[in-house]
Amino acid sequence: MFIGHFGAGFAAKKIDNKPSLGTLFFASQFIDLLWPIFLLIGIERVIIDQGNTVFTPLDFIYYPFSHSLIGVLIWAILFGLVYFSFKRNFKSSVLLGALVISHWILDLITHRPDLPIVPGNDFKVWLGLWNSVILTLLIEGFIFLAGAYLYIKSTKAQNKKGKIGLWSLIIFLIIIYAINVFSAPPPSTEAIAVAGLFQWAIVAWGYWIDRNRVNVI
Ligand SMILES: [Zn+2]
């Protein structure tokens, strides 16, 4: 799942308007922000296998540190603790921890059997939405658009930057998603990792948008 995670980040603004959109994206996409780094330093592995599922050619053969359930729970607690140590806001810290976990749950819905529960154990879980292109597009598209709608309703642009910044991000993410879905498989795992690193820029984009919008709820 890709834009669905950003949908979850957008939607969280409706529940708690204190954290910036950048922080919400940071949490909802946290383990996919770690993953390309772990690929590049060689502690996790992915291979390209055309037809692995109809939706993606990526076979996530080994990613226990970023994507095991136990790993994600630890990251969620750490994320919440670090936020709390800066902001002293318990409610927001819990919400951000929950957003980190939401990533794993959304991945669980989409992936083939590749998500481990405990690092080092072969038992893996999945629900396999990626075996249907149409269902994936419908469900992930709905999560993204519903989340974006909730963010738009919860905030108001303070200036042109707040409006153009937000709409350009929504369109940008939809275009990137479409390219991912309909283009040829990536040339190498290094290319996947490097492209994955660009997601950090989307987090920064979220901070910039949020600075130029005000909460209306
Ligand atoms: Zn993921």
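1. In the second largest pocket, the lining comprises ten nonpolar, two polar and two charged residues. Nonpolar here covers Ala, Val, Leu, Ile, Met, Phe, Trp, Tyr, Cys and Pro; charged covers Asp, Glu, Lys and Arg; the others, Gly among them, count as polar. A pocket is an open set of points on a 1 Å grid over the protein atoms alone where a 1.4 Å probe fits, with protein on both sides within 12 Å along at least five of seven lines, and its lining residues have an atom within 4 Å of a point.

2. The model is a predicted one, in which local features need pLDDT of at least 70 and side-chain atom pairs count only at pLDDT 80 or more, whereas totals for chains, interfaces and linings use all residues. Residues are numbered from 1 along each chain as its sequence is written, and side-chain values use heavy atoms, with hydrogens and water left out.

3. The volume of the second largest pocket is about 260 Å³, a volume being the space filled by probe spheres set on grid points joined across faces, edges and corners. The pocket of about 260 Å³ is lined by 14 residues, and those closest to its centre are Thr-23, Phe-26, Phe-79, Tyr-83 and Tyr-207. Helix α5 (69-87) and helix α2 each contribute at least two residues to this lining; α5 contributes the most, namely seven. Helices are DSSP runs of H or I with at least four residues, strands are runs of E with at least two, and both are numbered from the N terminus.

4. Thr-23 belongs to helix α2, which spans residues 21-28. Thr-23 counts as buried because its relative accessibility is 9% (buried is under 20% relative accessible area, exposed over 50%, and partly exposed in between, with a 1.4 Å probe and protein chains only). Residues up to four places away in sequence aside, Thr-23 touches Phe-79, Tyr-83, Leu-96 and Tyr-207, where contact means heavy atoms within 4.5 Å.

5. Tyr-83 is located in helix α5 and is likewise classed as buried, at 11% relative accessibility. With neighbours within four places in sequence left aside, its contacts are Pro-19, Thr-23, Arg-88, Asn-89, Ser-92, Ser-93 and Leu-96. From Tyr-83 to Trp-205 the C-alpha separation is 19 Å, and the two residues lie 122 apart in sequence.

6. Arg-88, one of the contacts of Tyr-83, sits in the loop between α5 and α6. Its phi is near 55 degrees, a positive value in a residue other than glycine. Arg-88 is exposed because its relative accessible area is 61%.

7. The largest pocket holds about 1,000 Å³ of space. Its lining consists of 38 residues, and Phe-2, Leu-58, Ile-176, Asn-180 and Ile-192 are those nearest its centre. Two or more lining residues come from each of α3 (30-40), β2 (58-62), α6 (90-110), α8 (160-182), α9 (189-197) and α10 (199-211). The largest share, six residues, is supplied by α8. By class, the lining contains 24 nonpolar, twelve polar and two charged residues.

8. Which residues coordinate the zinc ion? The donors are Asp-32 (OD), His-67 (NE2), His-103 (NE2) and Asp-107 (OD), at 2.2 to 2.4 Å. Donors are N, O and S atoms within 2.8 Å of the metal (3.2 Å for Na, K and Ca), and sites may look incomplete because water is not among the atoms. The angles among the four donor atoms run from 82 to 170 degrees, and the site is irregular. Four donors are tetrahedral if all angles lie between 85 and 135 degrees; four are square planar and six octahedral if opposite donors are over 155 degrees apart and all others between 65 and 115; anything else is irregular.

9. Along the chain, the zinc donors follow the spacing D-x34-H-x35-H-x3-D. Asp-32 in helix α3 and His-67 in helix α4 (residues 64-67), 35 residues apart, link distant parts of the chain. Asp-32 is buried at 11% relative accessibility, and His-67 is buried at 1%.

10. Helix α3 is mostly covered, with nine of its eleven residues buried. Among them are Phe-30, Ile-31, Asp-32, Leu-33 and Trp-35. After α3 comes Gly-42, which has a positive phi near 90 degrees.

11. Ala-184 is placed in the loop between α8 and α9. At 62% relative accessibility, Ala-184 is exposed. Its C-alpha atom is separated by 15 Å from that of Ala-195, eleven residues apart along the chain.
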